[in-house]
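Dear colleague,

I am handing over the structure below, and I would be glad if you could look through it before reading my notes. What I found follows after it.

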Amino acid sequence: MSGMLLTKDTTFIIGPVAEILGLIMNAIFNFLNLIGIPNVGLAIILFTIVIYLLLMPLTIKQQKFSKLSAKMNPEIQAIQAKYKNKKDNNSMVAMNEETKEVYAKYGVSPTGSCLQLMIQMPILFALYRVIYNMPAYVTTMKNAFFPLVDNLIAQSGSVDFIKTFQNANMFTKHFENELFVSGNTEYIQNTFIDVLNKASTTEWSSIGDKFSVLSSDVTNTLSKLNEYNNFLGMNMADSPSFMMKEAFSNGSFLMVVAAFIVPLL
């Protein structure tokens with residue numbers, strides 16, 4: 001995973017696919033921003049619809065294969081039963097030939113379903129990576145963290161402070177990376193954005209408490225992010241576990257329900 005590219009995935013196959021899907025997500029978000037409704041929840045819904053439409057040909061093929069499999073299975077099982085107790089080479093060859101004839105009869109390949117799944121799986125994994133790391137792929141969302149990130153980096157003790165955030169341990173290697181240690185500006189910015197993107201509402205508030213000079217920057221940044229992340233009255237940047245904790249502390253039944261609904265959706 002490359003820190004210079006924020007949290008973009010560089011895994012073999014999945015990384016390049018995520019890059020392409022990221023361009024689609026970025027275009028969708030820019031369009032929503034252009035018409036005055038830059039919203040992460042809505043962007044994810046539209047993004048998911050677009051991806052499923054793109055996958056529709058594969059989905060249709062798989063559904064056809066499933067229907068044909070239901071018709072073929074009795075014939076294939078009959079062949080297997082016919083040669084059940086015959087383990088000699090001639091019987092095995094004959095069984096394979098008869099099985100191939102059944103597949104040829106219905107015009108499908110024995111590996112047809114597997115091939116479709118192999119094509120779909122990288123796309124679905126890449127889909128998750130894009131949604132999970134929106135600022136890495138959506139320029140507008142990344143820009144929302146500025147100028148706060150630059151001003152926060154300039155504060156003495158900001159690195160040690162941000163390391164105390166709950167999800168900072170996910171980026172331990174980033175903090176220890178030579179580029180971070182040597183003071184590479186872009187790498188440090190990206191690492192801070194990585195952590196802030198996963199920060200809870202409470203952690204955001206703690207920035208203004210710790211560095212009062214940044215209060216207005218925090219307010220402006222949160223205003224933008226809340227506009228982007230607010231979906232049906234919920235902040236999609238908050239993790240379900242955080243929402244659950246807040247729900248129990250506030251005695252809010254609706255927040256408990258929301259904590260379950262968000263990951264489900």
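**Helix 12 and helix 13**

In this model, which is predicted, helix 12 (residues 201–210) packs against helix 13 (residues 215–229) at an angle of about 160°, and their axes lie 8 Å apart. Because angles over 145 degrees count as roughly antiparallel, helix 12 is roughly antiparallel to helix 13. The crossing of these two helices is right-handed. On the side of helix 12 the contact is made by W204, I207 and G208, which meet S215, V218, T221, L222 and L225 in helix 13. Sorted by class, the residues of this contact are five nonpolar, three polar and no charged.

**Helix 1 and helix 2**

A further pair that I looked at is helix 1 and helix 2 (residues 40–82), whose axes come within 9 Å and cross at roughly 135°, which makes helix 1 oblique to helix 2. Here, too, the crossing is right-handed. From helix 1, the residues L21, I24, M25, I28, F29 and L32 take part, and they meet a set in helix 2 that includes V40, L42, F47 and L54. The contact of helix 1 with helix 2 consists of 15 nonpolar residues, with no polar and no charged ones.

**The nonpolar cores**

Which residues touch the most other members of the largest nonpolar core? Of its 51 residues, they are L21, F165, L196, W204 and I207. Helix 1 (residues 14–34) gives the most to this core, with eight residues. Leaving aside residues up to four places away in sequence, I207 touches L152, F161, F165, L196, L214 and V218. There is also a second, separate core of nine residues, among them M72, I79, V102 and V108. As general background, nonpolar side chains tend to be buried together in soluble globular proteins.

**A cis peptide bond**

Most peptide bonds are trans. The bond that joins F146 and P147, however, is cis, with omega at about 5°. P147 is placed in the loop between helix 6 (139–143) and helix 7 (148–153).

**The chain as a whole**

Taken overall, the protein chain has 15 helices and two strands, and buried residues make up 40% of its 265 residues. Among the contacts in the chain with a separation of 6 or more, 68% are between residues 24 or more positions apart.

With kind regards

Key:
Residues numbered from 1 in each chain as written. Predicted model: local features only at pLDDT ≥ 70, side-chain atom pairs only at ≥ 80, totals over all residues. Heavy atoms only, no water. Axes fitted to C-alpha atoms, helices over the stretch in contact; angles between N-to-C directions. Helix = DSSP H or I, 4+ residues; strand = E, 2+ residues; numbered from the N terminus. Parallel < 35°, antiparallel > 145°, perpendicular 65-115°, else oblique. Left-handed = near helix turned anticlockwise from the far one by under 90°. Contact = heavy atoms within 4.5 Å. Nonpolar A, V, L, I, M, F, W, Y, C, P; charged D, E, K, R; others polar. Core = buried A, V, L, I, M, F, W, Y, C linked by side-chain atoms within 4.5 Å. Buried < 20%, exposed > 50% of the residue type's maximum accessible area, 1.4 Å probe, protein only.
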